[in-house]
Amino acid sequence: MRNVIRICKERDVLKKYLESRESEVVDIMITLFNDEEILDMYLKSEKREATREAAKEAIKIMVSEGKTLHEAVRYFPSLTIEDKKELEKEFVSTQNPSHMQKA
């Protein structure tokens with residue numbers, strides 16, 4: 001950020017303003033960057049969670065249509081080991097043993 005301010009001053013873009021309020025400008029830029037970064041992380045997290053839930057629902061449908069859990073999970077490589085264990089626990093209690101193979 002300081003490089004951006006330095007370049008602006010060298011090119012005489014808001015030079016006097018930046019010279020008199022450089023630390024304030026840096027603080028504002030950091031705050032804006034942090035807010036944007038936080039929002040971006042939140043949106044990525046929400047997207048990951050929505051994708052994960054959709055995959056789990058699709059797997060449930062695939063298993064109900066005759067695929068084994070192991071076969072169905074292979075279509076969703078983005079699922080974590082924890083997701084697969086969670087699915088396996090769900091199916092242990094609700095599906096017959098012929099559908100249960102390790103995820």
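View 1. Lys56 is buried, with a relative accessible area of 3%. Buried means under 20% relative accessible area, exposed means over 50%, and partly exposed lies in between (1.4 Å probe, protein chains only). The model is predicted: local features need pLDDT of at least 70, side-chain atom pairs count only at pLDDT 80 or more, and totals for chains, interfaces and linings use all residues. Residues are numbered from 1 along each chain as its sequence is written, and side-chain values use heavy atoms, with hydrogens and water left out. The side chain of Lys56 meets that of Glu53 in a salt bridge (3.9 Å, N to O). A salt bridge is a side-chain nitrogen of Lys or Arg within 4 Å of a carboxyl oxygen of Asp or Glu. Side chains of opposite charge can pair when their charged atoms come close. Both Glu53 and Lys56 lie in helix α2, three residues apart, about one turn of the helix. An α-helix has 3.6 residues a turn, so residues three or four places apart point the same way. Glu53 is partly exposed, with a relative accessible area of 32%.

**View 2. The Glu57 and Lys60 pair.** Glu57 forms a salt bridge with Lys60, and their closest N and O atoms are 3.4 Å apart. Both residues lie in helix α2, three residues apart, about one turn of the helix. Glu57 is partly exposed at 42% relative accessible area. Lys60 is also partly exposed, at 28%. Elsewhere, salt bridges that share partners join Glu49, Arg52, Glu53, Lys56, Asp83 and Glu86 into one network.

**View 3. Arg52 and Asp83, a link between helices.** The structure holds 10 salt bridges. In one of them, Arg52 pairs with Asp83, with the closest N and O atoms 2.2 Å apart. Arg52 lies in helix α2 and Asp83 in helix α4, so the pair ties together parts that are 31 residues apart in sequence. Arg52 is buried, with a relative accessible area of 19%. Asp83 counts as buried too, at 5% relative accessibility.

**View 4. The largest nonpolar core.** This core has 10 residues: Ala55, Ile59, Met62, Val63, Leu69, Ala72, Val73, Leu79, Leu87 and Phe91. A nonpolar core is a set of buried Ala, Val, Leu, Ile, Met, Phe, Trp, Tyr and Cys residues joined through side-chain atoms within 4.5 Å. Helices α2, α3 (69–73) and α4 (81–94) each supply at least two residues of this core. α2 gives the most, with four residues. Leu87 touches Lys56, Ile59, Leu69, Val73 and Leu79, not counting residues up to four places away in sequence. Contact means heavy atoms within 4.5 Å.

**View 5. Helix α2, its bend and its end.** α2 bends by about 85° at Arg21. The bend at a residue is the angle between axes fitted to the seven residues ending there and the seven starting there. Buried residues in α2 include Leu18, Val25 and Val26. Thr51 also sits in helix α2. At 42% relative accessibility, Thr51 counts as partly exposed. Just after α2, Gly66 takes a positive phi of about 115°.

**View 6. A nonpolar surface patch.** Val13, Leu14 and Tyr17 make a nonpolar surface patch of about 290 Å². Patches are made of residues with over 30% relative accessible area and no salt bridge: like charges are joined within 9 Å, nonpolar side chains (Val, Leu, Ile, Met, Phe, Trp, Tyr) within 5 Å. Accessible areas come from the Shrake-Rupley method with a 1.4 Å probe, and for residues only the protein chains shown count as cover. Val13 lies in the loop between α1 (2–10) and α2 (15–64). Val13 is partly exposed, with a relative accessible area of 41%.

**View 7. The whole chain.** The protein chain has four helices and zero strands. Helices (H or I, at least four residues) and strands (E, at least two) are DSSP runs, numbered from the N terminus. Buried residues make up 19% of the 103 residues. The chain exposes about 7900 Å², and carbon and sulfur atoms supply 56% of it.
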